[in-house]
Amino acid sequence: MAAKRDLLRFITCGSVDDGKSTLIGRLLHDCGLIFEDTYSNLRTDSQRHGTSGDALDFALLLDGLEAERQQGITIDVAYRFFATPQRSFIVADTPGHEQYTRNMATGASTASLAIILVDATKGLLPQSRRHSIICSLLGIRHIVLAINKMDLVGFDAARFGAIVAEYRHFAEALGFQDITAIPISARRGDNIASLSNNTPWYRGPYLLAHSEAVDVAADQADKPFRFPVQWVNRPNASFRGFAGIVASGRIAAGDAIMLAVTGAQSRVARIVTAAGDLAEAVAGQAVTLTLADEIDIARGDMLVAPSARPETADQFAADMLWMGQEALLPGRDYLLRIGHAWTTARVTSLRHRLDVTTREHKAARQLEMNDIGLCHLASLQPLSFDPYAENRATGAFILVDRFTHETVAAGMIRHGLRRATNIHRAAFSIDKTARSERYGQRPVLLWFTGLSGSGKSTIANLVEQALFAAGRPCYSLDGDNLRHGLCRDLGFTAADRVENIRRAGEVAKLFLDAGLIVLASFISPFRAERQMLRELIGAEDFLEIHVDASLETCMARDPKGLYAKAKAGLIPNFTGISSPYEAPENPNIHLKTGDFTAEACAEQVLQALRVKGIAC
Amino acid sequence: MSAKQRLTPHLARLESEAIGILREGACAFRRPVLLYSIGKDSSVLLHLALKAFYPGTPPFPLLHIDTTWKFREMISFRDATAKRHGLELLVHTNQEGLSRGINPITSGSGLHTQVMKTEALRQALDQYGFDAAFGGARRDEEKSRAKERVFSFRGPGHVWEPRLQRPELWSLFNTRIHPGESMRIFPLSNWTEYDVWDYIAAENIPVVPLYFAAPRPVVRRSGGWIMVDDERLPLEAGETPETRMVRFRTLGCYPLSGAIESMAATLPDIITEMRAARRSEREGRLIDHDGEASMERKKREGYF
């Protein structure tokens with residue numbers, strides 16, 4: 001048992017001014033971990049920024065960033081370390097403000113216990129509920145409900161009892177294993193490192209005693225064996241080992257293992273570490289495995305127990321906490337990391353947004369920063385995973401923006417979706433190559449992007465006429481025309497624009513497959529979607545053509561009178577006016593329609609096609 | 001490997017976590033480097049790197065930013081260590097700073113650190129094209145470090161923007177960067193000073209002898225003992241070096257590193273002394289006292 005109780009990672013949460021940082025400062029102080037020189041700095045700081053009058057303001061020990069000290073709030077997660085003879089602790093002090101919810105989730109992702117602080121003078125606040133729901137979602141099962149500032153309510157047992165009863169009622173549905181309520185005063189030290197004389201009516205443990213004793217025995221070791229391969233170690237021709245940290249379960253030399261995605265099997269030959277081979281390794285240990293057979297295994301693969309395989313799917317349902325500055329757009333591609341595997345994934349549908357105060361499910365078309373929602377996702381490659389509720393180590397993923405590389409979402413997988421499993425592609429004898437040879441041309445997609453009024457359709461029309469006259473099978477797809485039929489249900493929000501382009505791309509792909517040269521004229525304002533098209537079609541067959549005219553030129557032309565309407569506020573989300581246009585950085589062809597005639601621009605496109613040996 | 005004691009569950013967990021981080025940095029980046037500053041934390045970091053890639057060797061070189069003011073014992077320890085492990089050691093000094101005569105005594109600790117450490121580090125990273133650098137910094141050292149990520153993103157020019165740090169969930173590190181950007185990686189983020197010494201003792205890791213108490217020539221300055229390591233330290237009027245039993249809790253440029261009086265001459269002595277200590281380890285570092293938020297400012301500019 002002693003071996004299991006090595007370390008407790010916990011998080012403090014609650015609303016602003018509930019006293020989170022003060023509590024941690026108090027814990028460090030009462031454990032004798034504040035050094036004399038830190039004290040002298042704290043005295044100076046307390047007088048300058050403090051909110052405790054002449055007393056020491058422990059919060060200043062933790063709010064380490066200049067912006068935090070100036071504003072007197074916690075912005076980012078701070079990690080603190082302390083130990084008693086019974087246990088080591090890592091505490092994540094996390095922000096209370098709603099706009100920093102993502103940082104709170106960051107702290108919660110590695111914690112096994114949460115201290116929810118409630119100000120006794122205020123009672124439960126929306127943030128108390130919000131944070132409890134996030135803790136539950138991120139898999140925390142042990143809660144300490146610390147009712148703080150009891151000194152300000154005269155250590156009133158009835159007040160304490162009422163808040164605790166309300167919380168227990170609220171938390172019933174959250175699946176916590178235990179909730180321990182403690183009346184405290186973080187500033188004065190009541191019931192923190194010893195039982196307080198001010199609460200003779202309280203029969204429970206003081207905070208530190210409970211933290212030392214609470215059994216969070218991470219049962220990762222008792223779950224099925226999971227080993228995400230981090231690195232293939234090949235120092236010489238005679239050694240090939242798979243390095244990683246055992247995510248769950250245990251493994252012994254001689255045990256059977258399976259490559260999760262393909263089902264290929266082998267046995268563990270050796271468990272290698274620098275300190276010598278091990279007979280057995282358990283969850284949390286960094287080891288290098290060698291196998292009895294040569295099977296093709298790479299970084300990102302997962303080795304598992306053959307008797308308990310994880311799910312493998314390329315479509316799955318997951319709870320997601322959105323953390324990006326820009327909203328989540330269903331249909332857009334993001335980088336996805338699970339274990340050591342990176343792939344591309346998109347949200348295929350947003351089932352609902354969770355109201356984290358009431359737990360209600362709300363309909364939504366996108367998720368804003370700090371929103372939580374249930375999503376269906378599709379990944380480029382099949383992934384192996386366990387439901388997050390069963391295994392935090394193999395059920396969690398992050399999404400990363402492909403352009404800014406910002407970490408935009410934290411995801412927790414619920415289950416795989418079977419929809420795609422039973423739909424197999426039918427193979428036909430006449431393929432793209434056969435058609436291409438018949439027509440004697442290389443099918444390519446000419447993608448015209450630019451502001452409304454820049455001349456996309458005009459130039460595409462001229463190019464198509466020239467191709468048609470030369471006997472080339474070709475076809476024009478036009479944004480406005482598609483919106484009368486296939487895309488009739490879509491509007492002009494960012495989310496709908498993404499879906500519009502996705503559909504246009506799929507249609508273009510079918511025409512290419514039919515052997516045609518396709519000319520597509522779409523504003524397509526976002527770089528991410530044009531990149532998605534490039535990957536969908538293949539860079540070889542995708543020509544991005546920037547039809548470039550300044551906004552002033554387009555507004556002066558205004559062939560459809562749209563700019564006038566948009567400026568009058570009659571058209572929301574109009575590109576260039578109230579919605580952004582992200583110009584291509586390296587278009588294949590750059591047409592400056594402000595400086596040249598449509599005919600000259602069309603000739604420039606045809607010339608480029610000739611150079612590439614494509615047509616005319 | 002020498003015969004070692006069994007690690008406590010707590011240290012074993014920290015060790016595995018750090019090994020995972022080292023491997024991740026080596027896999028995810030084109031050209032990583034290990035910042036080797038010769039101190040106890042670097043000794044632990046190097047030891048972990050040797051373990052992480054066993055039976056292979058670490059797939060990255062060591063880099064030491066030499067201000068030319070390090071203790072002589074540090075330099076000899078550095079060279080012996082690299083040689084013993086057969087590792088590539090790169091040493092970089094800001095030659096331009098040197099020719100401008102920047103030094104820790106007359107230039108002041110602020111300017112010296114800026115030019116000979118921060119700028120020198122940026123020069124070296126650019127010169128060799130390193131896109132990731134491992135460092136031995138710990139979150140328990142200092143307040144702004146407590147908020148830094150394990151994989152800490154640096155924009156063009158190696159700038160750290162504390163308000164735009166990437167959220168770091170579970171151990172799913174976001175290692176994606178563009179050309180011109182880089183990553184600082186801190187495998188010892190979750191270690192404390194206690195953990196470092198306990199691990200050094202358990203694993204029998206060699207450290208610079210300056211950490212152990214010995215009679216050394218020192219002068220008293222701003223409440224600390226400064227060692228007269230060579231003739232470059234100008235003595236003030238009435239100042240004569242005296243021999244005291246002292247040791248160092250952290251090591252840097254010798255005119256900026258304050259020693260403490262101590263009788264702790266062995267690892268167990270040091271650990272006992274530390275557990276009774278009432279003053280933090282960075283106290284001996286004069287560069288941290290330049291201003292209330294001085295570490296955060298230095299880090300924004302690219303200091304490690």
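This is a predicted model: local features need pLDDT of at least 70, side-chain atom pairs count only at pLDDT 80 or more; totals for chains, interfaces and linings use all residues.
Student: How many bridges join strand β1 of chain A to strand β3 of chain A, and which way do the strands run?

Tutor: Strands are DSSP runs of E with at least two residues, helices are runs of H or I with at least four residues, and both are numbered from the N terminus. Two strands pair if DSSP finds at least two bridges between them. Here, β1 (residues 7–14) and β3 (residues 88–93) of chain A run parallel and are joined by six bridges. For T12(A), the bridge partner in β3(A) is D93(A).

Student: In what order do the six strands of the open sheet in chain A lie?

Tutor: The order is β2-β3-β1-β4-β5-β6, with mixed pairing. At the edges stand β2 (78–83) and β6 (178–183) of chain A, each pairing on one side only.

Student: At what angle do the axes of helices α6 and α7 of chain B cross?

Tutor: Axes are lines fitted to C-alpha atoms, for helices over the stretch in contact, and angles between N-to-C directions run from 0 to 180 degrees. The axes of α6 (residues 193–203) and α7 (residues 267–276) of chain B come within 10 Å and cross at roughly 165°. That makes α6(B) roughly antiparallel to α7(B), a term for angles over 145 degrees.

Student: Which residues make this contact?

Tutor: Two residues are in contact if their C-beta atoms, placed from the backbone, lie within 7 Å. From α6(B), the contributors are E193(B), Y194(B), W197(B), D198(B), I200(B) and A201(B); from α7(B), they are L267(B), I270(B), I271(B) and M274(B).

Student: How many residues of α6(B) are buried?

Tutor: A residue is buried if 20 or more other C-beta atoms, placed from the backbone, lie within 10 Å of its own. Eight of the eleven residues of α6(B) are buried, so this helix is largely enclosed by the rest of the structure. Among them are V196(B), W197(B) and I200(B). The buried residues of α6(B) pack against α1 (9–28), α2 (40–52) and α7 of chain B.

Student: What share of chain B counts as buried?

Tutor: Of its 304 residues, 54% count as buried.

Terms used:
Residues are numbered from 1 along each chain as its sequence is written. Chains are lettered from A and ligands numbered from 1 in the order in which they are written. Angles under 35 degrees count as roughly parallel, over 145 as roughly antiparallel, 65 to 115 as roughly perpendicular and the rest as oblique. A residue is buried if 20 or more other C-beta atoms lie within 10 Å of its own, exposed if 12 or fewer, and partly exposed in between; C-beta atoms are placed from the backbone.
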